[in-house]
Structures are given as C-alpha cells and as structure tokens.
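Student: I have a protein model open and I'd like to learn how to read it. Can you walk me through some features?

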Amino acid sequence: QAPAVESGGGVVQPGESLTLSCVVTGRSLSWYSMAWYRQVPGSQREQVARISTGGYTTYEESVKGRFTITRDNDEGTVYLKMDNLKPEDTAVYYCNTGERTMNWGQGTQVTVSS
C-alpha cells in the first residue's frame, strides 16, 4: 500500500510556526491511531505526537504545549501544528500509524535556525 505523503516543512526562525500535513490514501484513516515522528541523522526515529481513533492526543514531553496533532478522517489527512519552534525541533518529520504499520514516506524537512 502507498505510504502517507507528508508536506509543509520548511526553514523558519526560532519562535515561528509551521503546520505539517499528512495525506493517507488507500485506506480509511478512521480505523487507525495516527502519529507524527521525527528523525535527525544518527538518531532513532521518535514519536512526537499521537492521536487515537477517538481523538485522544499524547505528546512527547519536549513538544507539549507547543505542538498540536489533529485529524480529518473525511479528508484522509493528519496535521501537526507546531508553534514556538526551537532549533532542537530540526528534523525530518514523518507520519504513520501509531503502531508504525505503514510503509514510511519521504517525510518533510523542518529546519529551525536563526
């Protein structure tokens, strides 16, 4: 099955915001918990935000209060709104199910630099 397609990354300054989008095709998004992950070179891919089928959300400690994950099942899209970005948020961001059951997409690069 086709992987999700992530978009919305870019280069921003500290304190600015970005909203990432993840489009899932070929399956009903409503069946799955979904999550955003990020990876920097030399490190493992980590989950930063997760949303259950019922809309319950959890966040990695370093992004709590700054990132917001939402989903639109009808549009097959998962979003990650990132506010007050910090240099340590620089990474490639991916989405997948909460259990990492889809093939990984190419991700979208987020760079936070002054």
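Tutor: Happy to. Strands are runs that DSSP assigns, at least two residues long, labelled E and numbered from the N terminus. Keep in mind that this is a predicted model. Let's begin with Asn96, which sits in strand E9, residues 91-97.

Student: Is Asn96 buried or exposed?

Tutor: Buried means under 20% relative accessible area. Asn96 has 0% relative accessibility, so it counts as buried.

Student: Which residues does Asn96 touch, leaving out those up to four places away in sequence?

Tutor: Met34, Ala35, Tyr37, Thr101, Met102, Asn103 and Trp104. Look at Met102 in particular: its backbone nitrogen lies 2.9 Å from a polar atom of the Asn96 side chain.

Student: What about the sheet? In what order do the six strands come?

Tutor: Read across the open sheet and you get E2-E10-E9-E4-E5-E6, with mixed pairing. At the edges are E2 (10-12) and E6 (57-59), each pairing on one side only. On average, neighbouring strands here are turned by 25 degrees against each other, ignoring direction.

Student: How many bridges link E4 and E5?

Tutor: Five, and that pair runs antiparallel. Arg38 has Glu46 in E5 as its bridge partner. Those two residues also form a salt bridge, with their closest N and O atoms 2.8 Å apart.

Student: How many salt bridges does the count come to?

Tutor: Six. Another one joins the side chains of Glu61 and Lys64, at 3.1 Å from N to O. Exposed means over 50%, so Glu61 counts as exposed at 58%, while Lys64, at 46%, is partly exposed. There is also Lys81 with Asp83, where the closest N and O atoms are 2.6 Å apart. Salt bridges that share partners join Arg38, Glu46, Arg66 and Asp89 into one network.

Student: And the nonpolar core? Which residues have the most contacts inside the largest one?

Tutor: Trp36, Leu80, Met82 and Tyr93, in a core of 25 residues. Strands that each supply at least two of its residues include E3 (18-23), E8 (77-82) and E9.

How values were computed
Residues are numbered from 1 along each chain as its sequence is written. This is a predicted model: local features need pLDDT of at least 70, side-chain atom pairs count only at pLDDT 80 or more; totals for chains, interfaces and linings use all residues. Side-chain values use heavy atoms; hydrogens and water are left out. Helices (H or I, at least four residues) and strands (E, at least two) are DSSP runs, numbered from the N terminus. Buried means under 20% relative accessible area, exposed over 50%, partly exposed in between (1.4 Å probe, protein chains only). A polar contact is a pair of N or O atoms within 3.5 Å; within protein, one must be able to donate a hydrogen and the other to accept it, and residues adjacent in sequence count only if both atoms are side-chain atoms. Contact means heavy atoms within 4.5 Å. A nonpolar core is a set of buried Ala, Val, Leu, Ile, Met, Phe, Trp, Tyr and Cys residues joined through side-chain atoms within 4.5 Å. Two strands pair if DSSP finds at least two bridges between them. Axes are lines fitted to C-alpha atoms, for helices over the stretch in contact, and angles run from 0 to 180 degrees between N-to-C directions. A salt bridge is a side-chain nitrogen of Lys or Arg within 4 Å of a carboxyl oxygen of Asp or Glu.
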